[in-house]
Amino acid sequence: MDAPLNLTAGEVNHRSALISWQPPIADIDNYMLTYKATDGSRKELILDAEDTWIRLEGLAEITEFTVQLQAARGLDTSAVVSTTFSTGSRLFATPQNCAQHLLNGELQSGAYTVYINRDPSQGVQVYCDMTTDEGGWIVFQRRQNGLTDFSRKWGDYRVGFGNLEDEFWLGLDNIQKISAQGRYELRIDMKDGQESVFANYDKFSIGDARNLYKLRIGEYNGTAGDSLSYHQGRPFSTKDRDNDIAVTNCASSYKGAWWYKNCHRANLNGKYGESRHSQGINWYHWKGHEFSIPFVEMKMRPYNFRSISSKRRRSAPV
């Protein structure tokens with residue numbers, strides 16, 4: 001029986017590698033793949049006859065691995081083919097945002113730990129969006145189905161609530177600490193069926209608890225229209241902490257919590273699916289005050305990320 005050909009290791013980073021090969025001409029039942037590290041640890045995998053690649057995950061950093069592959073049919077086996085590769089080290093041992101996770105080679109969106117000011121004792125679980133506009137975003141709010149109640153009190157909004165894989169608010173304290181690490185930009189993605197728009201602000205930070213988490217944003221660009229600049233410099237309000245300038249309590253009246261003024265042009269923590277005036281998830285310059293937007297994500301990343309990632313792409317070996 002002929003052996004598989006061109007066994008190669010590609011897309012190697014500090015913890016994974018893509019192993020690929022060309023199948024033998026002979027009919028086979030399966031493959032046996034073994035990979036072992038220089039410290040002697042080894043793993044064996046049985047792969048389907050149709051497979052021509054596998055991604056090895058969870059590898060040790062800065063380690064040489066030898067991969068051996070052979071085809072099998074019944075008791076017959078082909079000759080063994082082998083290749084070697086070495087994992088590198090992470091650029092960032094304690095990433096302080098999702099952009100650093102992405103630069104470490106973590107390409108999948110999902111839950112990650114970021115470390116405030118790279119301090120190993122200050123880990124925060126966040127959701128990283130690794131695909132939108134080159135990725136590297138910390139998502140700090142998501143609305144998508146109405147299963148999570150957002151009409152909550154000050155204490156909940158400070159510490160955060162919900163499920164990172166579903167609807168959630170990351171917490172004002174976390175948002176403040178993360179955005180204080182340097183210059184961050186803000187992106188808000190909104191969808192209604194097949195229609196999607198975004199708003200981007202080239203600066204984003206909020207004050208600390210003493211300053212009532214006051215909103216600071218920069219210049220707008222995007223497709224949604226600018227409904228957030230109205231809220232510039234406003235402290236955060238909840239139904240039990242009324243910091244707006246309106247006669248009414250905006251958070252109670254409009255079923256949310258936000259940087260209310262007199263009251264809002266944006267109400268992204270409003271009541272899911274509520275079309276009564278100003279009570280739903282509103283972005284005035286896109287859908288007005290009487291339409292509740294079914295999908296929203298608010299996210300931030302370092303402002304200089306795009307220039308860093310494009311430099312890295314240009315300098316990366318082909």
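Strand 6 and strand 7 (residues 76-77) pair in the antiparallel sense over two bridges, where two strands count as paired if DSSP finds at least two bridges between them. Strands (E, at least two residues) and helices (H or I, at least four) are DSSP runs, numbered from the N terminus. The model is predicted: local features need pLDDT of at least 70 and side-chain atom pairs count only at pLDDT 80 or more, while totals for chains, interfaces and linings use all residues. Residues are numbered from 1 along each chain as its sequence is written, and side-chain values use heavy atoms, with hydrogens and water left out.

**Strand 6 and its partners**

- Strand 6 and strand 7 form a hairpin with two residues between them. In the turn, G74 has a positive phi of about 60 degrees.
- Strand 3 (residues 30-37) pairs with strand 6 (residues 64-73) in the antiparallel sense, over eight bridges. Within this pair, Y31 has A71 of strand 6 as its bridge partner.
- Strand 8 (residues 81-86) is also antiparallel to strand 6, and six bridges link the two. Here E64 has S86 of strand 8 as its bridge partner.
- Strands of a sheet pair through backbone hydrogen bonds, either parallel or antiparallel.

- Three strands make an open sheet in the order 1-2-5, and their pairing is antiparallel.
- Strand 1 (5-10) and strand 5 (53-56) are the edge strands, each pairing on one side only.
- Neighbouring strands of this sheet are turned by 15 degrees against each other on average, direction ignored. For such angles, axes are lines fitted to C-alpha atoms (for helices over the stretch in contact), and angles run from 0 to 180 degrees between N-to-C directions.
- Four bridges connect strand 1 with strand 2 (residues 17-22) in the antiparallel sense. T8 stands opposite S20 in strand 2.
- N6 is placed in strand 1. Phi of N6 is near 55 degrees, a positive value in a residue other than glycine.

**Strand 15 and its partners**

- Strand 14 (residues 184-192) and strand 15 (residues 195-206) run antiparallel and are joined by eight bridges. M190 stands opposite V197 in strand 15.
- The hairpin of strand 14 and strand 15 has two residues between the strands, and G193 takes a positive phi near 60 degrees there.
- Strand 17 (residues 220-222) pairs with strand 15 in the antiparallel sense over three bridges. N200 stands opposite N221 in strand 17.
- Strand 16 (residues 215-217) pairs with strand 15 over three bridges, in the antiparallel sense. I206 stands opposite L215 in strand 16.

**Domains and annotations**

- The domain assignment gives domain 1 (5-87) and domain 2 (98-304); such bounds come from an automatic or database assignment.
- The C-alpha centres of domain 1 and domain 2 lie 44 Å apart.
- UniProt, in an unreviewed entry, lists "domain: Fibronectin type-III" for residues 3-97. The span 3-97 is 0% helix and 52% strand, and its end C-alpha atoms lie 45 Å apart.
- The UniProt annotation "domain: Fibrinogen C-terminal", also from an unreviewed entry, covers residues 89-304. That span, 89-304, is 13% helix and 29% strand, with end C-alpha atoms 23 Å apart.
- UniProt positions follow the numbering used here, feature names are shortened, and annotations may be inferred rather than shown by experiment.

**The second largest pocket**

- The second largest pocket has a volume of about 230 Å³. A pocket is an open set of points on a 1 Å grid over the protein atoms alone, where a 1.4 Å probe fits, with protein on both sides within 12 Å along at least five of seven lines. Grid points are joined across faces, edges and corners, and a volume is the space filled by probe spheres set on the points.
- Sixteen residues line this pocket, and the closest to its centre are N97, Q100, P302, N304 and I308. Lining residues have an atom within 4 Å of a point.
- Helix 1 (98-103) and helix 6 (305-315) each supply at least two lining residues. Helix 1 gives the largest share, three residues.
- The lining of the second largest pocket divides into nine nonpolar, six polar and one charged residue. Ala, Val, Leu, Ile, Met, Phe, Trp, Tyr, Cys and Pro count as nonpolar, Asp, Glu, Lys and Arg as charged, and the others, Gly among them, as polar.

**A cis peptide bond**

- N262 and C263 are joined by a cis peptide bond, with omega about -10 degrees.
- C263 lies in the loop between helix 4 (250-253) and strand 18 (266-267).
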